[in-house]
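Please take a moment to look over the sequence and the three-dimensional structure shown below. The paragraphs that follow lead through it step by step.

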Amino acid sequence: MTIHISAKPQDIAETVLLPGDPLRARGIAETYLEDVVCYSEVRGMLGFTGTWQGKRVSVQGTGMGMPSTAIYVHELLALGARRLIRVGTCGAYHRHLDIGSLIIAMSACTDSAINRHIFFNKDYAPTASFRLLQQAVQVATEQGLEVQVGSVLSSDAFYNSQTEHWKTWAAYGVLGVEMETAALYTLAARQQAEALTILTVSDNLVTGQLATAEERQNNFDKMAGIALQLV
Ligand code: HPA
């Protein structure tokens with residue numbers, strides 16, 4: 001048992017899918033997994049373990065943002081998880097990244113101070129597991145899905161009063177913004193575990209486009225389809 005996850009180590013699979021929304025965790029478990037057990041409901045942040053094509057896999061909601069995500073990632077690693085795959089959404093920084101585009105985060109920049117405390121105010125470069133990254137690109141290609149691979153910004157703020165700030169990140173090739181990956185990659189690295197973030201574009205900061213609820217669901221299914229092949 002950990003403080004925020006009411007599970008024993010044997011309740012958690014080595015591979016864990018990490019949606020931000022706990023109801024997405026339930027959706028993935030109910031749609032794709034067999035023999036599902038809900039191992040934790042603490043704070044409504046649902047976690048499930050089941051099997052997919054005979055292989056054990058867990059799905060754990062993380063909440064939004066790095067402080068919340070770091071709590072669940074830390075505790076999952078303490079409970080024995082070895083492969084953590086975030087499935088989430090991002091805002092795109094480039095016109096050509098339409099709603100539903102798939103992004104695989106090779107690295108994560110951040111405007112957060114979360115790593116500054118660990119690294120004596122120096123800049124660490126949170127990086128994906130190359131093995132998972134390569135595998136995810138291969139799976140997507142086999143499924144006929146186009147993916148963009150590159151850097152994302154993990155931001156502490158969804159609403160930023162400096163409305164133009166994102167353009168600097170975009171100018172340096174950052175594909176889009178989300179709020180979790182820098183913490184995920186850093187914590188996984190510390191425990192020699194593997195981590196990867198797969199994202200779909202839910203909004204585009206250049207065009208102002210926003211995904212409909214139906215588009216979000218369809219796009220989520222695409223990501224889950226890739227992530228489960230990595231189990
Ligand atoms: N900003 C931050 N996080 C996000 C966004 C965004 O525009 N879209 C989806 N996650």
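Which backbone nitrogen lies 2.9 Å from a polar atom of the side chain of serine 154? The backbone nitrogen in question is that of alanine 182. Before this place is examined further, two remarks on the model are needed. The model is predicted, and for that reason local features need a pLDDT of at least 70 and side-chain atom pairs count only at pLDDT 80 or more, whereas totals for chains, interfaces and linings use all residues. Residues are numbered from 1 along each chain as its sequence is written, and side-chain values use heavy atoms, with hydrogens and water left out.

Serine 154 belongs to strand E7, which covers residues 147-154. Helices (H or I, at least four residues) and strands (E, at least two) are DSSP runs, numbered from the N terminus. With a relative accessible area of 0%, serine 154 is buried; the term buried means under 20% relative accessible area, exposed means over 50%, and partly exposed lies in between, as computed with a 1.4 Å probe on protein chains only. The side chain of serine 154 also forms a polar contact of 2.7 Å with the side chain of glutamate 178. A polar contact is a pair of N or O atoms within 3.5 Å; within protein, one atom must be able to donate a hydrogen and the other to accept it, and residues adjacent in sequence count only if both atoms are side-chain atoms. When residues up to four places away in sequence are not counted, serine 154 touches, among others, Met66, Cys109, Glu178, Thr181 and Ala182. Contact here means heavy atoms within 4.5 Å.

Helix H5 spans residues 181-190 and is mostly covered, since 7 of its 10 residues are buried. Just after H5, glutamine 192 takes a positive phi of about 50°.

Most residues other than glycine have a negative phi. Arginine 43, although not a glycine, has a positive phi of about 55°. Arginine 43 is placed in the loop between strand E2 (34-40) and strand E3 (47-52), and its relative accessible area of 71% makes it exposed. Glutamine 53 is likewise not a glycine and has a positive phi of about 50°. Its place is the loop between E3 and strand E4 (55-60), and at a relative accessible area of 62% glutamine 53 is exposed.

Two residues in other elements may be set beside these. Tyrosine 72 lies in helix H2, residues 66-78, and counts as buried because its relative accessibility is 4%. Leaving out residues up to four places away in sequence, tyrosine 72 touches His4, Ile5, Met45, Gln60, Gly61 and Thr62. Arginine 83 is located in strand E5 and is buried, with a relative accessible area of 18%. Its contacts, again without residues up to four places away in sequence, include Glu14, Arg131 and Glu194.

Strand E5 now directs attention to the pockets. E5 gives the most to the lining of the largest pocket, with 6 residues. A pocket is found on a 1 Å grid over the protein atoms alone, as an open set of points where a 1.4 Å probe fits, with protein on both sides within 12 Å along at least five of seven lines; lining residues have an atom within 4 Å of a point. The largest pocket has a volume of about 830 Å³, a volume being the space filled by probe spheres set on the points, which are joined across faces, edges and corners. Its lining has 32 residues, and Thr89, Phe158, Met179, Ser202 and Asp203 lie nearest the centre.

A polar side-chain atom of aspartate 203 lies 2.7 Å from a nitrogen atom of the ligand. A backbone N or O atom of glycine 91 lies 3.2 Å from a ligand nitrogen atom, and for a polar backbone atom of threonine 89 the distance to a nitrogen atom of the ligand is 3.5 Å.

The second largest pocket has a volume of about 160 Å³. Among the residues that line it are Ala108, Cys109, Arg116 and Tyr124.
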